[in-house]
Amino acid sequence: MKRRPGVDRKSEPVGGNPTQRGVNPFTFDRPDRTIHQPGVSQVWQIVTVAMLGLRAKSVFVPLALRAGIIMIFTAAAVVLKSIATQTEGSSGFDGINKTHIVLPALLLLGVAALASLPIPAAVPPFIPALAETLTAAVIIGTQGKSGLLFLPYLTIPLFLAGLSSGLAAGLACALLAGATLAATVSSTGGPAAEALRSNDTLIAWLFIFVAVPTVGAWIRRIRSESAPDSEPAYTDAHRLLSELHVVARQLSLGLDPRTLAAALAEDIRAVVPQAVAVVLTRSPGGRFVALAGDEPEDEAEAAIEDAWLSAQPVKREGAGSYFAAIPVLMGERVVALVVVTTLSPLDETSLRRCRAVIEQSGPRLASAMLFDDVRRLATTDERMRLAREIHDGIAQDLASVGYALDDIRRDSDPQLARKVVAVREQLQAMVADLRMSIFDLRTGINDTVGLGTALSEHAQRTGGQSGLIVHASIDESPKRLPITVEVELLRIVQEAITNVRRHANAANLWLTVTVEPPRAHITVTDDGLGLKAGRPDSFGITGMRERARRIGAHLLVGPGPEGGTVVEVALGTDAAIAHEPRQLPRPVVTRSALTDPHGIPTIVPQTTRHGATPLADQEVTK
Amino acid sequence: VTSTTSTLRVVLVDDHQLIREGLRRAFDREGDIEVVGEASSIAEALSALERLKPDVLVTDVRLPDGDGITLTTQVRAGNPTMGIVVLTMYAGDDQVFAALDAGASGFVGKDAPAEEVVAAARHAAASPRAFTARDLAGAMQRRMSAPAGPKLSPREREVLDLLVDGLAIAQIARRLYISESTAKTHVANIYEKLGAGNRAQAVMAAVRLGLVDDVKSR
């Protein structure tokens, strides 16, 4: 196979077309391509540079190899010839004199020199190998008996053909070489033809011609299996993403960290029956949040912190209970912790079993968490893009139409002006609505702004700007829910408030938020028109349900106590409670006096739900 | 620089031509207001302001090379008397307060009729340092009533009370039957929430925010 020096590669388009290269069967010498690929690990670059260094020298290696073989056979032939003439025994060297040996040797050296030249990347490597094979075969075939001395030379291009292009190409080369040889030898006739015709020689060479490319192809296969791929990072990422894609498509919850965490906790309980297992992860704010199970006792905090930092299981004794914090590792990195709480100290066997369970499901949980994060980032990106698009496009266009209408109105007679005003008002409402949509799209959750704050601010602003009186009651623990859960809850409430704003024609909106990780309970109540068949927000409700399902929350939409609508989201509470609306906390307005911008005493929804009206007429569970 | 005549000289900054056209028509109708220049970017705006020295600047918030709030800050720094009206498609109280903080004279949403922009421009020319915005009162109210202060958990309130009482971490831990490291975490969280660097600052902040009863008998 031809080695092209590293400098030649610079002429290739940087980045090239990796996919195409990936499927190209002639990409044996892959590693040096990585030098053009950004993002490949440092170590790999160092290896590549080292190999390139070797290769710069190795422009001459193929030539030296070939020349060496030619020289050896030339020398051997000369020596054997002298011995043969001295001993007058065997006649194998009859008809060969020393000068006859030199000519094919020189011709083959020329071929070797040509074959050692660098070839352009676009040429499939078997083409030069084939050309070399055929040229060498012609030379050997036409040089009579002395040419046949150099038959072993053919093994070089044949081996390289097998190595670079696989078994089929190698055997094809061997076949063509054999045919060329046979044709040239028989056409020249003479002793060479006779020598070749002797059965032993023929079979031996046939065998060698087949064996050499086979060995080459075999080595190629081993090397391609063991050799790292051209872009290991990308290849790995692609493989992973493909798997994720399949899983995500097949099971909507297959990559949900909470489901997986719950399953993991369940598995732990199967191993240590009397234990309570909690799966924790660390929120961006540095707090530990429960993915599954209840937050452990404060006493376990030290163990949790230690286990997270040390990436080793940590056992601690608390008041009356024992904690073992076992890290869930992805490689070296701790992605989550399993806290096992028991009444008696966890023995080594149980701990080992727990670790085995965790080791098994660690990568799955880590992947799910990563996927969750990727999805969140992608969604945020997309929302920002949408906001920009609306802001720069339709919203500005409508606003300018509004200004144009203002202009027309000023020129119109009073009768027309009234009509224009009506249209203008509609348009103003539309633009105001778009402004709210942009606001919604841009509102997010981050490390510092938690769910309660974000919800409260959002409700206050949207309410304030659309004439709704908002009564917010927020009870938020300083502990945070996982950020992806917070985002989904925010979006659900945003949608609920948007529906009230757009369709309910309500005067008041009550928002209650209780966040006590891993549980959360939110209600959005209004005193508007209530749900009617065919209300145009059914699409929004579908979206809310999907979001609720994604985080394993219950969503209930039903008639409210004041004739409006109640949207209720319950996360982490018992399904039985969610199904029993009467047991749900009332939307008690604790901060109404503060939040009512008009200072008017607010109507507190009466606890009329004990009566005949059930809270929910529709209900969605996970 | 006040213009010699009684006409109000306005520069419009918005990257949407149709918006500028619509507003220009509205200003032209007034008779005593002249749109002396238009710009579609911060750079253009700065050079137009330098050249034209208008009485009022009407600027959009989102501009291709920056934002109108920054422009407002920049202009206000060099010119305390120019009227500046911030015009935006963005909703949210943050935008109103950002305009206020930047030193704008008025804030108008792009859904509002053109007359409102004209009125804001007139106001801006008359009293450039008196901020006006629709629903400003509401926004203020919301800002006041929003859970602005730090929210401490019940446990943190307990820890804070003991901190104010002057107890050491170890004593707090013993008193609350928690480990010392847990108490430390709580204290760290309290400091973080109150923006305090040490116990004294935390106590000060807590008293200022009314989180502790400062007349408690010690």
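This is a predicted model: local features need pLDDT of at least 70, side-chain atom pairs count only at pLDDT 80 or more; totals for chains, interfaces and linings use all residues.
1. On conventions, local features need pLDDT of at least 70 and side-chain atom pairs count only at pLDDT 80 or more, whereas totals for chains, interfaces and linings use all residues. Residues are numbered from 1 along each chain as its sequence is written, chains are lettered from A and ligands numbered from 1 in the order in which they are written, and side-chain values use heavy atoms, with hydrogens and water left out.

2. At the interface, 39 residues of chain A are in contact with 46 residues of chain B, contact being heavy atoms within 4.5 Å. The area buried between the two chains is about 3900 Å², with 48% of it given by carbon and sulfur atoms; buried area is the accessible area (1.4 Å probe) that two parts lose on being put together, summed over both.

3. Eight salt bridges are counted between chain A and chain B, a salt bridge being a side-chain nitrogen of Lys or Arg within 4 Å of a carboxyl oxygen of Asp or Glu. In one of them, the side chains of A:Arg409 and B:Glu115 meet at 2.2 Å, N to O. A search of the whole structure finds 26 salt bridges over all chains.

4. A:Arg442 also deserves a look, as this residue lies over the face of B:Tyr90, at 4.1 Å from the ring centre. The rule asks for CZ of Arg, or NZ of Lys, within 6 Å of the ring centre and within 35 degrees of the ring normal.
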